[in-house]
Amino acid sequence: MWFLKKLSNTRVPVMLARFIFLFVIYALCRIVFYYYNRTIIGTPATSELWSVIKASLVFDSGSIFYVNILFIVMWLLPFDFVERRGWQRLVTVLFMTFNSVALLVDTADIFYFQYKLARIASDDIHYLSEPTAGKLFGSMLIDYWQGTLIWIGLCVLLYLTCFRIIRYRGGENLLVQRGVRYFVRTFWLAVFTFLAVLGIRGYRMGGDRFPINVSDAAMFVRPELSQLVLSNPFCVIRTWGNKLEGVRYMSTKSLDETYRPIHLSETPDSLTSLATADTVLTRPRLPEGTNIVLLVLESFGKPHIKSLNPSFPASEPSYTPFLDSLLDNGLLFAEGYQGGMRSIDAMPAIWASIPSYNKNFMRLPQSQAEYHAMPRILDSLGYTTAFMHGASRGSMSFAAFGAMAGIERFVWREDYEHIHGPADFDGKWGIWDDKFLPFALDNIDSLEQPFMATIFTLSSHEPFKVPPHMEGRFEDGKLPIHKVIRYSDYALGQFFEEASKKPWFEKTLFVIVADHGSGAENELLRTSPYSHTVPILFYMPSAGLKGSTDQTMSHLDIMPTLLPMLGVNDSYVAFGHDAFDPSSPHFAAGYYDGTYGIVDGDLFYQFSERGLESLFNLKADPHKKIDIKERADPAKVHLFEAYIQQYYRTVAERAFTPESWGKEVAQ
C-alpha cells in the first residue's frame, strides 16, 4: 500500500484514515446489530435507505467524536514532543482504551435488545452500581459469548488497521522552520476541534434543537427505525446525568385548562361502572380493612401469557398455567401497559402514578421529593406497609423511593440469608423465587392488619436459568425466557397455594401485574406499543371481582382505581385515572421508538417535541403502515400534548403532593 507509506509521515492524513476506519467499524457494529434484530426493527424500504445511512453517520459521528476528542487534541498538539515514542505510545493506549470501551457499549445489546427493545443508555450503565455488578458483568460476557467474540474481533481489527496498516512513522516537517510548523499544526488542531464539535452537535450550529439528542432520530427516519440508526456510545453520553428537558406545546393557561394531574378528595360513587366486552362491571366497594398484596412479576409481558396472546398456538402448552387460572377468576384489564421502560420504573408508576418516559424517573434528581403516594395514604389510614424483594438491599433504588412513598418495612436478600444462609442466592440477582416467595409469605404473616404488602419477583430474568434443585422440571420454549417464566409461574402457584390457607387470605385483594414486557416470539408483538403490554389483574374471589375488559389501562391507573375501591377519600397527584370513572380519559402513555406514544383504545398517537408525528388505527392497521394523522381529533391531540407537558412541569417543580402542586405549579 504505497499511498499509506507516502502519507505515514504526516499526522493529519494518518488521523483522517484512522477516523474513516472508525466509521467503518461502527457500520459493522450496526450491520451485526441489525442482522440479529431485523425481525424486531423491520426492513427499511428502498426509499428509506439514504435516510438510514445519513442518520447512522450523524449519530456515529457523535459517538466517534465524543469518544476521541482527547485523541484529536493529543495527536495534533503543535509541540515537537508529540513526535517522541513515549508520547506516541501513550496516545495509542488511550485511543485503543477509549474506543474498546465504546465498542463494548456499542455491541452490548446485540443479543439483549430483543428483551429491552431500546438501545443502551446511561440508565443501563448505572446498573454497574448494583451490589452484584461485578458478577453480573462477568457472567453476561460469558452468557452472551457471541457478542463478546464480536467485540474482541472488532477491537483486534481496529488495532491492526489503525496501528499496523495505518502507521505513523514520525518526523513530520521537522526541517520546516519551527514557527511555521507550529502555526500549521495549530491551524489543523483548530480545524479538527471545530469539526469534532460540529459532529457532536449533529452538524448543526443553529436552530432550536442542538446539540442533537437521542430523540432526534425520529427526525431522520420513522420511529420504528430509530433504534437502528442510534449508536449506543452516543446514547450513553447524551443521557448521562439525566437532565430533565421537557416539552412545551402550549401556554401555561391553556395547559391548566386542558389537563391537571391533581385528584381532589371526593366520595367515590359506587354506581360508576366499567364497560366490558359483554357486561358492565360496577365498582366494588371493598370491606373496610381490606388487605392489599401487590405482586409485581418480573418480565411477565403479555406475549408470554397464552390466555392474553391471540397468536399463541392453541396446540402448545401455556408458559403460565397458574397465572392463566387466576386471570379467569379475577377482574382482568386485558389491555394493560407498563408505566416505564425498566424494572426501576415500575414502583413509581404503581405506588405513585408517576411515569418514566425517555429517562428513568428514579434517575432524575427531581425524584428526591415528598410524595403523597398510595403507601403513605394507606399508612395514614392505619395500614402496615411493606416491600419484599429477593435482591440486595438498595437494588434498583426501590428502598430509596419506597421510603419516600411511605413504605415502613423492607425485606431483602440479606434478611433471607440471615435466617436461611446464602445457598439460595442465584449468583446474579438474588434469591430464587420458589425460595423467596415462601419467605415473603412468612413476613406477611407478621404484619399487623390491615396491610399493604408489595412483592417483586426476580428469577424470570436473564440469564434465564432455573435453580439447581429444579433442573429438568421445566421445558424450554421458543425464547430463552420461556423456561424461567414457567419456573416463576410455578413459584407463584406455590405461593398462592400456601397463601390460601392463611386467615387473612379471604379479606385480601391481590393486584397482579408485570413490571415490563420482555420480547415475544411473534414479530408483531415485538414492536411498539404491543411490546409494552402487561397483565393487570385484581383478584379477590370473596369480593366477587370477576370479569374482563379491553379498556386501556396502565400501571399509572392502579393507584387512582384502587383507592376509591377502598373507600379512600383523599387528594393526591397522579398521572393515571380511575378505571371505573366514565368521565375520565382512559389511555396509556409511554415512550416508544424515540417518541411519546399514547394508546387510546384502538388509536396509537406518536408525539415528538414538535407535536403529533403520526397516528395509527391498531385494530384496522396493526402493523402501522397507514398514517392517519390528518384525521386526528384536535381535542384529543391537545389533551395528550397537555398531559405530556404537564408531566415535565410537575416533575421539574417536584410537585408530587396536593399542597406542593397547588403552591408551585397551579399558580
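**Close-up views of two open sheets**

**View 1. Strands β10 and β11 side by side.** Four bridges link β10 (residues 508-514) with β11 (residues 536-539) in an antiparallel pair; strands are DSSP runs of E with at least two residues, helices are runs of H or I with at least four residues, and both are numbered from the N terminus. Two strands count as paired if DSSP finds at least two bridges between them. Look for F510, which sits opposite Y539 of β11. This is a predicted model, in which local features need pLDDT of at least 70, side-chain atom pairs count only at pLDDT 80 or more, and totals for chains, interfaces and linings use all residues. Residues are numbered from 1 along each chain as its sequence is written, and side-chain values use heavy atoms, leaving out hydrogens and water.

View 2. Axes are lines fitted to C-alpha atoms, for helices over the stretch in contact, with angles from 0 to 180 degrees between N-to-C directions.

View 3. Now meet the open antiparallel sheet β15-β16-β17-β18. Edge strands β15 (588-592) and β18 (611-617) each have a single partner, so one side of each lacks a neighbour in the sheet. Six bridges join β17 to β18, and L603 has N617 as its bridge partner in β18. Helix α22 (residues 634-652) lies across β15, β16, β17 and β18, at about 50° to β17.

Note on methods:
Contact means heavy atoms within 4.5 Å.
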